[in-house]
Amino acid sequence: MILRTMRDIGTITMNQLKRLVIDPATYIWLFTLPLLITYVLGISLNSLFAPEFKPIRPYNVGLVQHSPIVGAPIMERLESLPQLFTVTVYDDEESMQTDLADNIITAGVVVPADPLVHPVRVVSTPESIVNQILYSVLRPVLDQLMIMSAETVQFTTEVTKTQLTTNTRSNTENEPKTTVAWAQADSFQYYSLAIAVMFAMYAANVAMQYLAADFTSGTFGRIRSFGVTRSRYLFAGYLSAVIMSVLFVTVMTVVTKVFFGVRWGALSAWLPFTLLCGFTSAAITYFILSIVPANPKIIDGAGTLVFNFIAFLGGSTAPLPALPQWLVSFTTWLPNRALLEGYLRLSSGADLASLSNELTVISISLVVLLGLSLIINSVRPKGAL
Amino acid sequence: MTNHADPIVVVDGLFKQYGKVTAVNNLSFIVYPGETFGLLGPNGAGKTTTLGIISGLIRPDNGDVTVGGFSVTKDTQKAQRLLGVVPQGLALYEDLTARQNLTYFARLRGLHQAEIKRQIAQVLEITGLEDAVDQKVRKYSGGMKRRLNIAIGLLGNPKVLLLDEPTVGIDPQARRHILDAVRRLADNGMTIIYTSHYMEEVEYLCERVSIMDHGLIIAQGPLYEVRALAGDSVVLRVPATDELLNDPEALDRLKKALPAPLEPSHAELRIILTKGSEQAPEILNILVEHQVSLNGMQIEAPNLETVFLSLTGKALRDNGSEASAS
């Protein structure tokens, strides 16, 4: 029975992949197009990622300094960058928070009375551009002070406007994860990863369209008349979507590495993460298959709609730091965003163990999507199939 | 045909409903080994649903089918091993060659490599596709695709072949090819259940027949017995203009005037003369009164279509339509 099941799954999966591989459209839509998009976005948005990036208007930054020893060099540093910052000094944090809530200032820096005990806090939208610029600008100043004092000077960023909690965390734990990757990414680096994540979903979707075509043509009925169960067939379809997705990311990795010099991290971390990317991308499209009629055109249309939407929210089209804060906070649960952030962190040298947040989001999404799909498929009317 | 062997297919009291629509209603028949059994009926009669249930793809609401003694609802896979299914749609991959299609389905049938080779050669010979086996199916004509569809159904040497409208949408020459291939299979002793809404196909191939309408069997038995149900009836076929066929009021007036059932069909009117050809003069007079041209009219001997017309008062085929969605 197990052998029969494996034989059926293997035969169906191989047939799906063979058909995908011999289809010239696969090479155009799944390989040429993403590389072309990466190239175009890489060229046209390079300035956004360049070190000399400056905003249209300088950011209004508030400063509360209870310790002149630390406050003075911070003030000096901020004022040395007039193209980036306009500094407003506040006597107390409350007034600064009020102005922040009223959008009079974009971010604030709070220097505590005893910076050796309490951290200097940047109060801003997490992962916003201003947050990241402040981080990159102030980090060297604080590091310098740390060396001078030989004590731990902590640096933290806080959620602002809607949630004004004050956590004290260590330096390494508190580094805004996107900032690190963002700070190290150029446009080709960023978009190679972002487009790979986006099109991994399309690759899985194309495989799923082949599966859906069997439902409409009656081929699925014929296959079932050979004693192949519905679950075996669907599993084989899912597997071919996973393989297609992994294959796509692999090609993107190799080509972008060779042509654009993109970093994808260590192979030992990249490989399991890419497998996870394949399983997740296939799960998204499998979920779509389970809620819409099994028709390749509908699967294609629904997939395009969903992928474009979540790819935007997940940072594959507009860079994450360029999105509004509320949107960025709202989309932390998106599996494709977690995949992109994971790849960004891998590319900046992180290992798999340090991706706990991303892996948690991806794993939960995977389980939820597959679970829901199985439940829906088990209760869905099977009609004449 | 008289057959004293145990039946190989027993259809017993099948009932299947989709929502409020009854697709199959208390359907029963048996098929003997080596027999070619016809299921004849118009689109929507329930033929495809019946084949779907026999092949284990559709679960009946009531009743059961046994194939070679195995229940399709309880021992589905054992029953399926005895069946070859040729669905109405072209269940094949047009982006692959015929050989790749056959190999794929043969693997799913569980055949081993040597057996796959042998059986592919065999089914290609039966369907006459040897010369085109390495061509992509996309390049095949409609008739060749239909033949490949049948070839796939023959893989695994099934005891019973289910053919669901295998000639839909193809030209007469290709149709003849397919009918001859099916005939050869029947001559070699294969049991065949053949559905069609073409009465001439069923008459050509089948020894026994069930005529279905709205999920019910309205006539069943050996071909000659079913034909006899038409009694003295003959069919008067009168060519009709598009103008008349597209004028429901004129047709309605004609129907009311005629003392016999009238069925407008593709480019003609069919009138069942239930009392035989002696009824013809009276009918012809009425037609002339209604300014229907009698040029090219003819009287047909009773056939399955006459039976269907006389039992249901309507034609087997939809007017001018070859679409099939039963």
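**Exercise 1. Size up the contact between chain A and chain B in this predicted model.**

Solution. Start with the residues. Chain A gives 26 residues to the contact, and chain B gives 26 residues. Next, take the area. The two chains bury about 2,300 Å² between them. Carbon and sulfur atoms hold 55% of that area. A:Arg222, A:Ser225 and A:Phe226 supply 32% of the area that chain A buries against chain B.

**Exercise 2. Find the salt bridge and the polar contacts between the chains, then describe the side of chain A that touches chain B.**

Solution. Count first. There is one salt bridge between chain A and chain B. Its partners are A:Arg19 and B:Asp95. Their closest N and O atoms are 3.1 Å apart, and the cut-off is 4 Å.

Now place the chain A side. Helices H1 (2–22), H9 (187–217) and H10 (219–225) each supply at least two of its residues. H1(A) gives the largest share, nine residues. Sort this side by type: eight residues are nonpolar, nine polar and nine charged.

**Exercise 3. Locate B:His214 and B:Gln291, and decide whether each is buried or exposed.**

Solution. Take B:His214. Its phi is near 50°, a positive value in a residue other than glycine. B:His214 sits in the loop between strands E9 (208–213) and E10 (216–222) of chain B. Its relative accessible area is 54%, so B:His214 is exposed.

Take B:Gln291. Its phi is positive too, about 60°, and it is not a glycine. The loop between helix H11 (280–289) and strand E14 (298–300) of chain B holds B:Gln291. Relative accessibility is 74%, so B:Gln291 counts as exposed.

How values were computed:
Residues are numbered from 1 along each chain as its sequence is written. Chains are lettered from A and ligands numbered from 1 in the order in which they are written. This is a predicted model: local features need pLDDT of at least 70, side-chain atom pairs count only at pLDDT 80 or more; totals for chains, interfaces and linings use all residues. Side-chain values use heavy atoms; hydrogens and water are left out. Contact means heavy atoms within 4.5 Å. Buried area is the accessible area (1.4 Å probe) that two parts lose on being put together, summed over both. A salt bridge is a side-chain nitrogen of Lys or Arg within 4 Å of a carboxyl oxygen of Asp or Glu. A polar contact is a pair of N or O atoms within 3.5 Å; within protein, one must be able to donate a hydrogen and the other to accept it, and residues adjacent in sequence count only if both atoms are side-chain atoms. Helices (H or I, at least four residues) and strands (E, at least two) are DSSP runs, numbered from the N terminus. Ala, Val, Leu, Ile, Met, Phe, Trp, Tyr, Cys and Pro count as nonpolar, Asp, Glu, Lys and Arg as charged, and the others, Gly among them, as polar. Buried means under 20% relative accessible area, exposed over 50%, partly exposed in between (1.4 Å probe, protein chains only).
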